[in-house]
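Hi,

Here's the structure I said I'd pass along. Have a look, and my notes follow below.

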Amino acid sequence: MARALELAARGIGATSPNPRVGAVIVRGGKIIAEGWHAKAGADHAEISALKKLSHKAAGATLYVTLEPCSTQGQTPPCTEAIIKSGIKRVVIAMTDPNPAHRGRGIRLLRRHGVEISCGLLRTQAAALNAGFIKFHTEGLPYVIAKAAASLDGKIATVTGDSKWITNEKSRRYAHRLRRESDAVLVGIGTVIKDDPELTVRHVACKGNQPRRVVIDAMAKIGMGARLLQSPLADGTIVAVSRDAAETKIEKIRGAGANVIFCKSRKNRINLRDLLGKLAKEGILYVLIEGGSGVLTSAFNENLVDEVAFFYAPILIGGENAPTLFGGKGIEQIKNSLQIKNIDIQRFDDNILICGTIKK
């Protein structure tokens with residue numbers, strides 16, 4: 001199963017809205033075939049492995065990281081192929097989180113005489129498919145908040161200068177985080193100030209580029225912005241309120257970008273509503289890159305699942321310089337957001353602290 005999880009991880013950044021799944025077929029204590037779901041629309045992991053055996057695996061055991069699908073989608077159900085192959089036993093890490101499918105594949109296989117074991121390395125399998133699980137249980141994508149800051153928590157100077165707080169190695173790793181995400185989300189302030197591309201660079205991009213999402217309630221984005229130029233515009237989403245000027249919205253659409261209308265209050269987009277709409281478009285993993293206003297809203301609304309904060313050994317200061325997390329703040333330490341599952345990495349003199357939010 002550990003090997004199946006390694007294989008499943010090869011699909012990171014390419015499988016959404018499908019899960020990341022790996023499969024290993026064993027006979028006589030030896031691995032005789034392996035497979036993984038490489039990208040949405042491609043063979044599922046079980047089919048990928050079975051094809052290496054010409055779909056003949058009589059008496060073998062299949063280890064798979066997620067309950068095999070039992071319904072027709074872009075590809076035929078995996079349960080049908082497993083039954084026809086002659087596989088005797090299936091070991092499953094976790095059941096399908098989709099309430100409509102949960103346990104159905106297991107019941108179907110058992111009815112056809114296939115022995116089933118479930119739960120082996122379930123925790124690791126769930127971590128690998130956190131976005132898939134969150135979508136099917138909450139209707140939202142898995143959200144990572146990423147930021148680069150000084151030791152005193154500033155993400156820019158009082159004048160807005162932020163290039164570059166962290167070093168080149170840290171920035172390269174940040175592009176890896178983009179590569180592993182389905183979308184990169186920023187506020188209109190970041191677009192106006194930095195005119196970013198929000199694409200994966202500096203590291204190989206094995207799948208499609210992540211979608212670019214701009215929170216822009218009043219459609220202030222300039223038509224000359226890089227995100228509205230070809231070919232970037234095709235993968236850009238601009239989230240606006242119903243109060244935005246229709247003539248500007250038509251111009252944005254004319255450039256090739258997608259416009260999403262979201263609930264809003266006082267010209268501020270309802271972030272939960274936006275994330276829900278992104279999830280429905282198959283976006284299961286969202287990387288928020290700030291600035292401070294977007295990060296603060298996401299934390300205040302309890303929408304962040306994981307943090308990835310890069311720290312550089314500098315002090316910026318300034319009462320009005322933007323911080324990682326602003327707003328009114330908490331009144332008592334016991335009510336603070338707590339980070340667990342901490343992982344710390346060094347990039348020369350920079351430090352990356354990652355962890356999940358305790359819910």
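This is a predicted model: local features need pLDDT of at least 70, side-chain atom pairs count only at pLDDT 80 or more; totals for chains, interfaces and linings use all residues.

How much space lies in the second largest pocket? About 980 Å³. A pocket here is an open set of points on a 1 Å grid over the protein atoms alone, where a 1.4 Å probe fits, with protein on both sides within 12 Å along at least five of seven lines. The volume is the space filled by probe spheres set on those points, which are joined across faces, edges and corners.

Numbering runs from 1 along each chain as its sequence is written, and side-chain values use heavy atoms, without hydrogens or water.

Back to the pocket: 34 residues line it (an atom within 4 Å of a point). Ala 127, Ala 130, Tyr 142, Glu 306 and Thr 356 lie nearest its centre. Elements giving two or more residues to the lining include α6 (130-138) and β14 (306-312); helices (H or I, at least four residues) and strands (E, at least two) are DSSP runs. The lining divides into 17 nonpolar, 6 polar and 11 charged residues, with Gly counted as polar and Tyr and Cys as nonpolar.

β4 (89-92) and β5 run parallel over 4 bridges, and Ile 92 stands opposite Cys 118.

Cheers

Conventions:
Two strands pair if DSSP finds at least two bridges between them.
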